[in-house]
Amino acid sequence: MSPLTIAWSMCAAASAMMGLSHVLLWFKERRRSVYLLSSVMAFSAAASALLELALMRADDTARYGTLLQWENLTIYLLIISMVWFVYLHFGTARRWLAVAITVLWTIAIGINFTSPMSLVYSEITELRMMKTFWGETFTLAIGEPNPWKALADAASLLILVYALDGSFRAWRGGTREEAAAVGGGIVVFILLAGAHTPLVDAGVVATPYMISFGFLAIVFGMTYVLVSRAFSASRYARQVQADEKRWRLLLENVQLLVVGLDRGGLVNYVNPHALRLLGYERGDILGRPWIDIAVPQAERPAAWDTFRNLLQGGNLPSFENTVLGKTGEALHVRWSQVLLYDVDGASGGTLSIGEDLTPRIRAEHEARRERDALAHVTRVSAMGELVASLAHELNQPLTAMLSNAQAAQRFLATDPPELGEVRDILHDLVKDNQRASDVIRRLRALLTKEPPAFAAVDLCRLARDVSQLLRGDSMIRKIDVAVECPSEPALAHGDTIQLQQVLLNLLLNAFDAVAHLPADRRRITVGISRRRDAWEISVRDQGIGLAPDGLTEVFEPFFSTKRGGMGMGLSIARSIVESHDGRLWAENNSDRGATFCLTLPVFGALDPREAAA
Amino acid sequence: MNGDQHQVFLVDDDESVRQALTRLLRASGHRVQAFASAREFLESGADGSIPACLLLDVSMPGLDGLDLQRELQARDVALPVVFITGHGDIPMSVKAMKAGAVNFLAKPVRDSELLAAIDEALARSMREHAERRELDELRRRADTLTPREREVMARVVAGRLNKQIADDLGTSEKTVKVHRGRVMAKMKAGSLAQLVRAAERIGFTEKP
C-alpha cells in the first residue's frame, strides 16, 4: 500500500475513532451537546481525510470538482461545530463572531454546491499528475480560482480572531491547559488551511491537500480537553463520594440527633443516635412525617408552618423544642437547621441537628430540688437554735391569756360583776391568741417543705418578722437588734420563706459573734438600702470580725466555728441568694466587727416586659 | 390582806402580760402600779414607804430583772421581789433567791401561785414595816432619856446592880433607883428582860 494511502487512511481512522468515542460520551450524557459537536468535528475530519485521498486519485476534472464540493462540506461542518464547541465549552468566546462565521460559511457552502467546480475553482483547466519525492504519484488540479472563495477566506480570518480571542480569555480565566490545546489545534489548522491550502490551490506547492491533518490536530485538541474534563469530573465524583462517606460516618457516629426531611416533611435520614434516644428502628420512621410523629400534638401546626417557611428559604435560628420518643417520653432538644439543595438548586429538604438537653435539664431540676430540700433540712435544724426564742414568744401571750382569764373569773364573781373589765379582757384574749397564732404560723412557714414561690417580698417586713422571731433569744442574750428601713417600700423579687431563712441565719451568726462581748458591743444593725437595680440587706455586728480567709471560707459547706454546728448555714444561705439572682458576701467593718451583705433584684425590675406592661 | 394599806409594783416590758397581771392583781384586791421597764420603775421613786412588793419580769431589754434587784439593794430599798420568767433556769433562780427574792415563778403562772407569792411577799414587807415601826418607837423613846438616865440604862442592861451603878456614878443607890424607874417608864418596859431586848434591838449605847 502506498504511503499516501496509509497516512490519509490512518488520519481518517484516528478521527473516526475519536468521533466514535465522542458519540458514546454524548449518548451517556445527552445534556452535553459539546460531545455531539466534537463528534461531528471528528467524523467530518475523517470524511475530509478520505475525500483528500480520493482527490489524489481523481482522474477527471468533473469528479475532482465534485470531490472538492464534498471536501468543502466537511470543512464547513467541522468549522461550524468547532466554533460552537468553543463557544459552549469555554463560554468565553464572543457570540456575534460565532454567528458571523456561521452565516459567512453557510453562504459560502451554498455557493460551493451551486458552482460546478466547487468554491475553490471557477474552472479546472487540467489535472496534473504529481510525484512525491519517494516517487508516488497523485493528482492535483490546475484552474481558475473561484472569486467567492474570498468569502471563506474572510471567514477563516474571523475564525482566527474568534479562536485566539476565546482561547486567550479562557487562558486568563484559568482553564489554561484547555485553552492551549484548543488554541494550538486551531493555529495548526489555520496554518494548513489558511497557508498551505491556498499555495496548493495556486499551484505553488506541489503536495496533496493536507487539511484533514489540521482537522486531526483540532479534533485531538478537543478530545484532549473533553477527556481531561471527563477525567477530572470522575476524580471529582470520587472525591465527592469519599467526602460523602466521611460525612455519613460522622453523622452515623456523632452523639447528636440528626434528622433529614424531604420537601414533604418525610424523614429521609435519621442517625443511630437519634434512633437510640427516641427508641425507634430506622424502618419505623423513614418515609414518615417527622412532625406528626415526634412533635407533641399541640405544637404540630406551628412546627409545620416553621418547616414550610424554612423550605422557602426562611431563616430559622437554632431553637429548642420537645421531641416525643416511640413510647411517648419527651426529650428536650435544641435544634439547628440546614436547608439542603438539589442538583438543580431547588430546596430539597432540611437536615436538622439536635442536642439532647434532657439530662442537663433533669440534672438542673434535681440540683434545684436538692438545694430546696437541703434548705428545708437546715431550716428545720436551725429550729433548735430558735427553741428558747419561740418558747419566750409563745409564753408571753399564754401568760397574758391565763392571767386575763383568771382575772375575768374574779371580775365575774363580784357583785355586781364587773362586766366592763370582762369585755376588755375578752378583747385582749382574742388579741393574744392571735399573737400566739402568728408565732406558730411563722414557725410553720419555716418548717414548710413547699417549693419556693417567687413573689414580691417586703424586705422591711421580712427583717422585722425575723427579728421578732428572734426577740426572745436576743432578749435572753441581751443583744440589741435594730432594723433600719428606707422611706420607700423595699420590694424585692423572691421567696419569703427562703429569704427569712437567710436572714435568720445571718442574725443568729451575728448573735453568736457578739454574745460574749460587753453590753455596748452587743448591738446588731439590719440595714436595707437601694443599690441601683437591687436591694441590699446588710447585717452588721460589732464583734471581733473575720480572719481574711474567713471572709470566703465561711460560705463553704461544713465550715463551722460553732460547737455542734453543721456548717451548712451560710453555704445554703448563699445558694438561696444566688438562686434569687443575688449575691451574698461578708466584709470586715472599718472599725470593728463584720457585715454580711446580700443583694436581691428589685421586684418588677426583673423582667422589662413586665415592667412595661 | 384586803383593806390593808399596801402596794404591788409590777415591772414587765410586755404590754399584754403587764395588762393581764395588773388586772388579775386588781381583781384580787391589790393596788397595782405597773412599769414597762426597770428604768421607768427606778425613776418613779417608789421606795417602799408603805408595805409593798415587786413583781418583776426577769428578761427585759436594757436593765433586766436581776439588774433591777441588784440596783434596789444598792439603794437600800427594802422591797420583797417575786420574779416571773418565761425561761427560768436553775442557776438564774438560785441567784435571784440568794439575792433575797421571795419566789421565782414560771410563766404562764396560775393565779393561786401568783397570789400566794404576792401575799407572802407583802407579809414579809409588813413584817419588816412593823419591825421598823417598833424600832423607830424604841429609838424615839430612848431619845427622850436624859444623859444621866442613859448612863443608868446602859449599866442596867449590862446587868449591874443598883448599888454597883451608884458606885460607878458616884451617887446614892436611892438616886439610881429613881433614874431606873424613869428609864423603865420612858422605855415603856414592863420588866428588866423587856428593857434588855429593847436595848439590844436598837443597839443602845451610853452615848446617843
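**A predicted model, one piece at a time**

Q: Which exposed residues does the face of H11(A) turned away from its buried side carry?
A: Keep in mind that this is a predicted model. Exposed here means a relative accessible area over 50%. On the face of H11(A) that points away from its buried side, the residues that count as exposed are Pro301(A) and Asp305(A).

Q: How wide an arc around the axis do the buried residues of H11(A) cover?
A: The buried residues of H11(A) are Arg300(A), Ala303(A), Trp304(A), Phe307(A), Leu310(A) and Leu311(A). They sit on the same side of H11(A), because the arc they cover around the axis is only 125°.

Q: How far does H11(A) reach from its first C-alpha to its last?
A: This helix spans residues 300–311 of chain A, which gives it 12 residues. At 1.5 Å a residue you'd expect 16 Å, and the reach in the model is close to that: 16 Å.

Q: Which residue takes a positive phi just after H11(A)?
A: Look just past the end of H11(A). The phi there is about 90°, and the residue that takes it is Gly313(A).

Q: How many residues apart in sequence are the parts tied together by Asp512(A) and Arg477(A)?
A: These two form a salt bridge, with their closest N and O atoms 2.6 Å apart. Asp512(A) lies in helix H16 (residues 496–514) of chain A, while Arg477(A) is in the loop between helix H15 (471–476) and strand E9 (480–484), so the pair ties together parts whose separation in sequence is 35 residues.

Q: Is Asp512(A) buried, partly exposed or exposed?
A: Under 20% would be buried and over 50% would be exposed, with partly exposed in between. Asp512(A) has a relative accessible area of 26%, so the label is partly exposed.

Q: Which helix holds both Arg140(B) and Glu137(B)?
A: Arg140(B) and Glu137(B) form a salt bridge, the closest N and O atoms being 2.4 Å apart. They are 3 residues apart, about one turn of the helix that holds them both: H5 (residues 111–143) of chain B.

Q: How many of the residues of strand E3 of chain B are buried?
A: E3(B) covers residues 52–57. Both of its faces are covered, with Ala52(B), Leu54(B) and Leu56(B) buried on one side and Cys53(B), Leu55(B) and Asp57(B) on the other. The count of buried residues is 6 of 6.

Q: How many bridges join E1(B) to E3(B)?
A: E1(B) takes in residues 7–11 and runs parallel to E3(B). Gln7(B) stands opposite Ala52(B) in E3(B). The number of bridges joining E1(B) and E3(B) is 5.

Q: What distance separates the centres of domain 1 and domain 2 of chain B?
A: The domain assignment gives domain 1 as 7–131 and domain 2 as 144–202. Taken over C-alpha atoms, the distance between their centres is 45 Å.

Definitions and conventions
Residues are numbered from 1 along each chain as its sequence is written. Chains are lettered from A and ligands numbered from 1 in the order in which they are written. This is a predicted model: local features need pLDDT of at least 70, side-chain atom pairs count only at pLDDT 80 or more; totals for chains, interfaces and linings use all residues. Side-chain values use heavy atoms; hydrogens and water are left out. Helices (H or I, at least four residues) and strands (E, at least two) are DSSP runs, numbered from the N terminus. The expected span of a helix is 1.5 Å times one less than its number of residues. Buried means under 20% relative accessible area, exposed over 50%, partly exposed in between (1.4 Å probe, protein chains only). The arc is that of the directions from the helix axis to the C-beta atoms. Domain bounds come from an automatic or database domain assignment. A salt bridge is a side-chain nitrogen of Lys or Arg within 4 Å of a carboxyl oxygen of Asp or Glu. Two strands pair if DSSP finds at least two bridges between them.
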